[in-house]
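Hello,

Here is the structure for you to look over. My notes follow below it.

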Amino acid sequence: MQKAKLTLKTPAQSKSIVRISETVSVGGSDLLIVGGPCAVEDLAQMEAVASRLATGQIQALRGGVYKPRTSPYDFQGLGVEGLKILASVRDRYGLPVITEVMAISQIEEIAEYADVLQVGSRNMQNFDLLKALGQANKPILLKRGLAATIEEFVMAAEYVMSHGNPNVILCERGIRSFDTYTRNVLDLGAVVALKQITHLPVMVDPSHAAGKSELVPDLARAAIACGADGVIVECHPVPEKSVSDARQALSLEEMVSLARSLEPIAQAVGRTIPSAVTGNLPRFSYDLLPTAS
Ligand code: PEP
Ligand code: MN
């Protein structure tokens, strides 16, 4: 890691706090709990998600509108229509939104609507994209590549930072191994190492690591226990109807109770979880929607 200059801890910079909205940041004593579906499907889905999570202890929403799917025949995301849905729930529920950018050509459009631009695992070493994101005026959530070493991961962050954007959040999301029982292997050792060697916030995505919803809450708790600055978790109003990654999606109630269960662990490691968004939130019930045929 000798050539890394901007990512590594120095006596003068031992930690960075990345602000993602006026009231939400990551890397300080507050943990960042992010929830939302794999993909934005329609406005009703995101209303249901945002209205429930805003009253739980979830500080930000996730949802892909450009989806990196293994098969070109699978749902590829709603594109700009999805961005508008994200921005609309963000504005009404006060939760900043995170969404994936897959190509340089999408950066400007996504940065207009989203608060954080996610680089997916499959693009962690898309160096042209990383360089272009160095010029973006939004924080970058950089996910670890499917089989990237810790050094390669840190160097990917170094690409973004050396091109002008200091606001990088690392995200461990599991790495490929031989075992097919879990989708990937959640590398909590990497989280500990990254916290020791870099000053950047480190988040954990237990959903893509586990691939199975029943494994997600314990992995999220383990992540906070070992020093992660937050978790990003997939959840859906009707998990089994998710258009992508249904098997790993928590229900909204499971998401809210997961956030609650992180409290004592946060306390044990000297961290805090901000309280729920307050104020007069619009009310919405997914049950009132006509059922899709
Ligand atoms: C996602 O967050 O939905 C996603 C595709 O994640 P990853 O890039 O980690 O596979
Ligand atoms: Mn997903």
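**Ligand 1 and the cysteines**

A polar side-chain atom of Lys67 sits 2.9 Å from an oxygen atom of ligand 1. Bear in mind that this is a predicted model.

Two further side chains make contacts of this kind. In Gln118, a side-chain N or O atom is 2.9 Å from an oxygen atom of ligand 1. For Lys143, a polar side-chain atom lies 2.9 Å from an oxygen atom of the ligand. On its own, ligand 1 has 300 Å² of accessible area, and the protein covers 97% of it.

Now the wider surroundings. Ligand 1 has 13 residues around it. The closest are Arg62, Lys67, Ser121, Arg122 and Arg173. What classes of residue make up the shell around ligand 1? There are 7 charged, 4 polar and 2 nonpolar residues. As for the site itself, ligand 1 takes up the space of the second largest pocket.

Next, the cysteines. How many disulfides does a search of the whole structure find? The count is 0. A disulfide needs the two sulfur atoms within 2.5 Å.

Is Cys171 buried or exposed? Cys171 counts as buried because its relative accessibility is 0%. Cys38 has a relative accessibility of 5%, so Cys38 counts as buried too. The cut-off for buried is under 20%.

Best wishes

How values were computed: Residues are numbered from 1 along each chain as its sequence is written. Chains are lettered from A and ligands numbered from 1 in the order in which they are written. This is a predicted model: local features need pLDDT of at least 70, side-chain atom pairs count only at pLDDT 80 or more; totals for chains, interfaces and linings use all residues. Side-chain values use heavy atoms; hydrogens and water are left out. A residue is near a molecule or strand if one of its heavy atoms lies within 4 Å of it. A polar contact is a pair of N or O atoms within 3.5 Å; within protein, one must be able to donate a hydrogen and the other to accept it, and residues adjacent in sequence count only if both atoms are side-chain atoms. Accessible areas come from the Shrake-Rupley method with a 1.4 Å probe; for residues, only the protein chains shown count as cover. On a 1 Å grid over the protein atoms alone, a cavity is a set of points where a 1.4 Å probe fits but cannot get out, and a pocket is an open set with protein on both sides within 12 Å along at least five of seven lines; lining residues have an atom within 4 Å of a point. A molecule sits in a cavity or pocket if more than half of its atoms lie within 2 Å of its grid points. Ala, Val, Leu, Ile, Met, Phe, Trp, Tyr, Cys and Pro count as nonpolar, Asp, Glu, Lys and Arg as charged, and the others, Gly among them, as polar. Buried means under 20% relative accessible area, exposed over 50%, partly exposed in between (1.4 Å probe, protein chains only).
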